[in-house]
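Reader: I have a model open and want to go through its local features. Can you take me through them?

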Amino acid sequence: MEVTGKQKLKENEFVILSISEVSSASSSTSFSKDEPILARFGSGSGVSDLRFDQKSDSSANIVFDLRNSQLLRLGPAESLCISEASKDNKERGYSRGISIQFKNDEDSRAFHCAFEQWKTEVVVQGSTLPNGAVSTSTSKFDEKIEASSAKMYFHYYGQLLHQQNMLQDFVRTGTYYAAVIENRADFLGRVVVDVGAGSGILSLFAAQAGAKHVYAVEASEMAEYAKKLIAGNPTLSERITVIKGKVEEVELPVKADILISEPMGTLLVNERMLESYVIARDRFLVPNGKMFPTVGRIHMAPFSDEYLYMEIANKAIFWQQQSYFGVNLTPLQRSASEGYFSQPVVDAFDPRLLIAPAISHVINFTSIKEEDLYEIEIPLKFTSPVSTRVHGLACWFDVLFNGSTVPRWLTTAPGAPTTHWYQLRCVLSQPLYVMPGQEITGHFRLVAHKAQSYTIHLTLSATVGDMLQTSSGKLDLKEPYYRMSQPQAYSLAQDQQPNQLLQTPDILTQPWVEDGSVPVQQPSPNHDAELHSL
């Protein structure tokens, strides 16, 4: 008679050295120390489960429903098994958790393998829920992000060279370090969740600041490197657990007092990780818990840059050829031009190119809903102090770490020390002409798409005399033009005077400490009022 895979698994039995309950929604179960504890996978009641019991006392048992259970590896011979809370126990993130001690690493690996096989069996067959719906493995992340984009994304961040690029961004890494260490009071003795932990550097910072325990959640293969890095720092590693998986899917044994993450992409929102950051807040953070960063702001200002405009326009000249090896290329010239102008430009530019003070759009990570990030609409209104051509909209962002001791900003503003995010400019194919005192209006709309990015819809208008000028553009944030040069030494031939260095209010350049240790950012004049308004 043929034995099915499930029957084979059913016959498997594991001897456990010891177990201890982390917490329980019900009374604690007591096992005899004189008899081995057995772990069995089965589906006798029609539902796949994991049972811990002893042969002499069948009444003393612990049962986990595999449909809503997670198994986390804490060490070579130690694991943590947790189950989700029931619908009427929403205040806590789990209903039961036990620490499992195996005899050796080999037993531990065999147990984990069996657990995954049974979980897979549950997913493949589906399981009937109380309301009759069928449970599937599709998470919220999988529903809104196309698989090919997610695969490329996690592959990219699973490579050390890209992690190195971010770690070597001293403004980024130094500001995170300062924000954590200067606010030890927020971390000391607290449970921290590192959302999208990458190399684990922020988890190590949190442990340095005295965190009670840090759960580093990372979905890419970088999780394995993070384990190695953390293990290489033994004084901190005892308080850090790396969990491989998406924040939309993993379960944690406890709630977090504070979330730390680096969810910012180009223009703050690219890669759509802010949504995962907000989901982690809703799933794991205690009420009134802290988030590092706390607030993000997108800054926008019109700019004039004849050199950049001509550079983009000239790219399509190739398609103006009427006899390229005897072929007329001109039918594609317009499409090529539209393609080049649909690419946002990522580079570091001279702030003297800005022709009006910037406006800001605030995103408060502690209160925004995930759905509010699907589409962001920002009205635009500026006044030009000069006569010039407006070539588009320049954008950058900053984030606030609103620590109890030292609130600290991380800025990507033009004129500030350059970061790996640089700045971003949306160039319009039809520039606008403006006069001194001219009002420039429009809107800036960001619409999320499944390739983990946004479509940018930009419209600018200005009225000169009785003539209304309007120029619009549709750009894909996923496909930028990386022009990442340092700010160019622009001559005054563009009708720009040296005193036209315009900085966004409250965004100051960062003076550097003499020893080069950590960049110190001075607070803005209205800093206190700004914090109270958030």
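Author: What follows goes through pockets, a helix, salt bridges, a surface patch and backbone geometry.

Reader: What are the ground rules?

Author: This is a predicted model, in which local features need pLDDT of at least 70 and side-chain atom pairs count only at pLDDT 80 or more, while totals for chains, interfaces and linings use all residues. Residues are numbered from 1 along each chain as its sequence is written, and side-chain values use heavy atoms, with hydrogens and water left out.

Reader: Start with the second largest pocket. What volume does it have?

Author: About 1,100 Å³. A pocket here is an open set of points on a 1 Å grid over the protein atoms alone, where a 1.4 Å probe fits, with protein on both sides within 12 Å along at least five of seven lines; lining residues have an atom within 4 Å of a point. The volume is the space filled by probe spheres set on the points, which are joined across faces, edges and corners.

Reader: Which residues lie nearest its centre?

Author: Tyr153, Tyr156, Tyr157, Met166 and Glu271, out of 47 lining residues. Elements that each supply at least two residues of the lining include helix H4 (147-157), helix H5 (160-167), strand S10 (213-218) and helix H11 (273-284). Helices (H or I, at least four residues) and strands (E, at least two) are DSSP runs numbered from the N terminus.

Reader: Back to Glu271. Where is it, and what is its phi?

Author: Glu271 sits in the loop between strand S12 (256-261) and H11. Its phi is near 80°, a positive value in a residue other than glycine. Glu271 is partly exposed at 22% relative accessibility; buried means under 20% relative accessible area, exposed over 50%, and partly exposed in between (1.4 Å probe, protein chains only).

Reader: Which other residue has a positive phi although it is not a glycine?

Author: Phe325, at about 55°. Phe325 is in the loop between H12 and H13, and at 77% relative accessibility it counts as exposed. Most residues other than glycine have a negative phi, and most peptide bonds are trans.

Reader: Where is the cis peptide bond?

Author: A cis bond joins Phe292 and Pro293, with omega about 5°. Pro293 lies in the loop between strand S13 (285-292) and strand S14 (295-303).

Reader: Next, H6. Is it largely enclosed or exposed?

Author: Largely enclosed by the rest of the structure, because 10 of its 12 residues are buried. Among them are Val171, Arg172, Tyr176 and Ile181.

Reader: What about its span?

Author: At 1.5 Å a residue, helix H6 (residues 170-181) should span 16 Å, and its end C-alpha atoms are 16 Å apart, which agrees. The expected span is 1.5 Å times one less than the number of residues.

Reader: How many salt bridges are there?

Author: The structure holds 27. Each is a side-chain nitrogen of Lys or Arg within 4 Å of a carboxyl oxygen of Asp or Glu.

Reader: Which residue does Asp105 pair with?

Author: Arg73, at 2.2 Å from N to O. Asp105 is in helix H2 (residues 105-125) and Arg73 in strand S6 (residues 69-75), so the pair ties together parts 32 residues apart in sequence. Asp105 is partly exposed at 28%, and Arg73 is partly exposed at 28%.

Reader: And Arg352, which partner does it have?

Author: Asp350, the closest N and O atoms being 2.7 Å apart. Arg352 is partly exposed at 27%, whereas Asp350 is buried at 8%. Elsewhere, salt bridges that share partners join Asp305, Glu311, Asp347, Arg425 and Arg483 into one network.
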